[in-house]
Structure formats: structure tokens, C-alpha cells
Amino acid sequence: MARADLKIDHVIICVPDLDRAADSFSKRYGLESVAGGRHGGLGTANRIIPLGGNYLELLTVVDRRAARTKPFGIWATVMIEENSMRPAGLCLRTEDIRAVASRLGLKPVPMSRTTADGVELRWHSVGMEQTLTRGHPFFIQWDIDMADHPGRLLAGQGPIQQVALSGRSDELRSWLGTDEGLSIVDGPPGIDNVTIEMPSGPIELI
């Protein structure tokens, strides 16, 4: 797998209420969103801010009982309480998830969600545990026609141009295998900001 294979797929933003968050992003940044769906068994649901080749995922907890039994649901709950409305997780897209998994000594995990209009989206991911425990980005390969990618649900806004990450820079670069589209600095683990190119000029989420 060539390093250039990795691209920014989406940034997760944990929010207490999807509709209120959508209204806030529309008024503050001019970013419009569409209905997402539920993650089966995880107790979470989302809305999507499409940005062309990538997107923002507004994520919330809709079933606290289910969420507290799953690491992802627990993480989302904590992020809502401690990091609400700010970038919380980064996903990089690949066309060869098995190569990424082999490099990291991990196994691809099949996942899915059903959209608001009943369409099942499927993908394989790698490294989500490290996102939940160490703040590292994770990786995805979509098992869909890319014309159906969530980033393509609206036209005229985006894309994400750069994500600024902090953490142990040497560890992050080793984990990622690339820094294309990323700015990496030493500091507490997390996402410092996200730069989105809009027709009216770039905007920055912090």
C-alpha cells in the first residue's frame, strides 16, 4: 500500500443533540447537514455534514443503556460531556484495509449502519480501539459504491483540507504511515483544528 493511498475520510464531532448541533453548524459556519442513521447495538446515531470527498460526522448517544455496554458508546458519552461540539476523532480512508491492518498487527472489523431512508452502509475499520483509548486516528475501507459515500450527499461545501493533530509526534507518524493532509505536533492527544475549504474561503473548526 502506497502512503498516498490514505485520505481524510471524516472527522467525528460528539454532540448532545443532533438537531441543535445541525442548527448551530449551519448558523455559525454555513455548513448544512443531512440525516444519518443509527449504529446497530452501539446506542449511537449521527447526522452527516457532507464535504465532497469527506465529511463531518455529528455523533450522539440515543440509547444510554446500550451505549454504556460498548467501548464506542462509552467514549461518545465521555466526549459529549468533556469535548462537546469539538472535533473528537479522525478517520482516514484506504483502498487496502488489509495492508493497513497487517502493518499495525491488527484485524479489520466489519461494521455497518442503516441510513434514515433504510439503506445499509457497510465498511471495514482498523484501529478504533486506539482512537477510544489513545486518541489516535483510525482507518476505514468502504464496502459501497463511492458514489454513495456520505460526503457526496450534498454539493457546494468542503472539502476538509487539513487536520491538525497533537500527541507524541513520532508515535503518531509511525501509527499513520503518512502525514498527507495532516499537521502533527507534540502535545496532549487530540485534534487541535480542522480546516475546511468553502466557496467563500476556508473555515476552521477548533
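**View 1. The side chain of N46 contacts the backbone of G37.** The side chain of N46 reaches the backbone nitrogen of G37 at 2.9 Å; a polar contact is a pair of N or O atoms within 3.5 Å, where within protein one must be able to donate a hydrogen and the other to accept it, and residues adjacent in sequence count only if both atoms are side-chain atoms. This is a predicted model, in which local features need pLDDT of at least 70 and side-chain atom pairs count only at pLDDT 80 or more, while totals for chains, interfaces and linings use all residues. Residues are numbered from 1 along each chain as its sequence is written, and side-chain values use heavy atoms, with hydrogens and water left out. N46 is found in strand β3; helices (H or I, at least four residues) and strands (E, at least two) are DSSP runs, numbered from the N terminus. With a relative accessibility of 3%, N46 counts as buried; buried means under 20% relative accessible area, exposed over 50%, and partly exposed in between (1.4 Å probe, protein chains only). Not counting residues up to four places away in sequence, N46 touches L18, G36, G37, H39, E57, L58, L59 and R113, contact meaning heavy atoms within 4.5 Å.

**View 2. N54 sits in the loop between β3 and β4.** A polar atom of the N54 side chain lies 2.9 Å from the backbone nitrogen of I160. N54 counts as buried, at 5% relative accessibility. Neighbours within four places in sequence aside, the contacts of N54 are I8, D9, H149, G151, P159 and I160.

**View 3. Helix α1 and its buried face.** Helix α1 covers residues 18-29, and the 16 Å between its end C-alpha atoms agrees with the 16 Å that 12 residues should span at 1.5 Å a residue; the expected span is 1.5 Å times one less than the number of residues. L18, A21, A22, F25 and Y29 are the buried residues of α1. Seen down the helix axis, these buried residues fall within an arc of 100°, so they line one face of α1; the arc is that of the directions from the helix axis to the C-beta atoms. The buried residues of α1 pack against β1 (7-14), β3 (44-50), β4 (55-61), β11 and β12. The face turned away from the buried side carries the exposed residues D19, R20 and K27. At the start of α1, a side-chain oxygen of D17 comes to within 3.1 Å of the backbone nitrogen of D19. Just after α1, G30 has a positive phi of about 75°.

**View 4. The closed barrel of 8 strands.** The strand order is β1-β4-β3-β2-β6-β7-β8-β5, and the pairing is mixed; two strands pair if DSSP finds at least two bridges between them. From one strand to the next the twist averages 35°; axes are lines fitted to C-alpha atoms, for helices over the stretch in contact, and angles run from 0 to 180 degrees between N-to-C directions. Strand β5 (residues 87-93) pairs with β8 in the parallel sense over 3 bridges. L92 stands opposite F139 in β8.

**View 5. Helix α4 lies across β7 and β8.** The helix runs at about 155° to β8. In α4 (residues 97-104), I97, V100, A101 and L104 are buried. These residues cover an arc of only 95° around the axis, which puts them on the same side of α4. The buried residues of α4 pack against β7, β8 (138-142) and α6. R98 and S102 are exposed on the other side of α4.

**View 6. R122 in strand β7 (residues 120-126).** R122 counts as partly exposed, at 39% relative accessibility. Leaving aside neighbours within four places in sequence, R122 is in contact with M111, S112, W142, D143 and I144. The C-alpha atoms of R122 and G40 are separated by 12 Å, and the two residues are 82 residues apart along the chain.

**View 7. The open sheet of 4 strands.** The order is β10-β9-β11-β12, with mixed pairing. β10 (182-186) and β12 (201-205) stand at the edges with a single partner strand each, so one side of each is left without a neighbour in the sheet. Neighbouring strands are turned by 15° against each other on average, direction ignored. Helix α6 (residues 169-176) packs on this sheet and touches β9 (160-167) and β10, its direction making about 145° with that of β10. Strand β11 (residues 190-198) pairs with β12 in the antiparallel sense over 5 bridges. T195 stands opposite E204 in β12.
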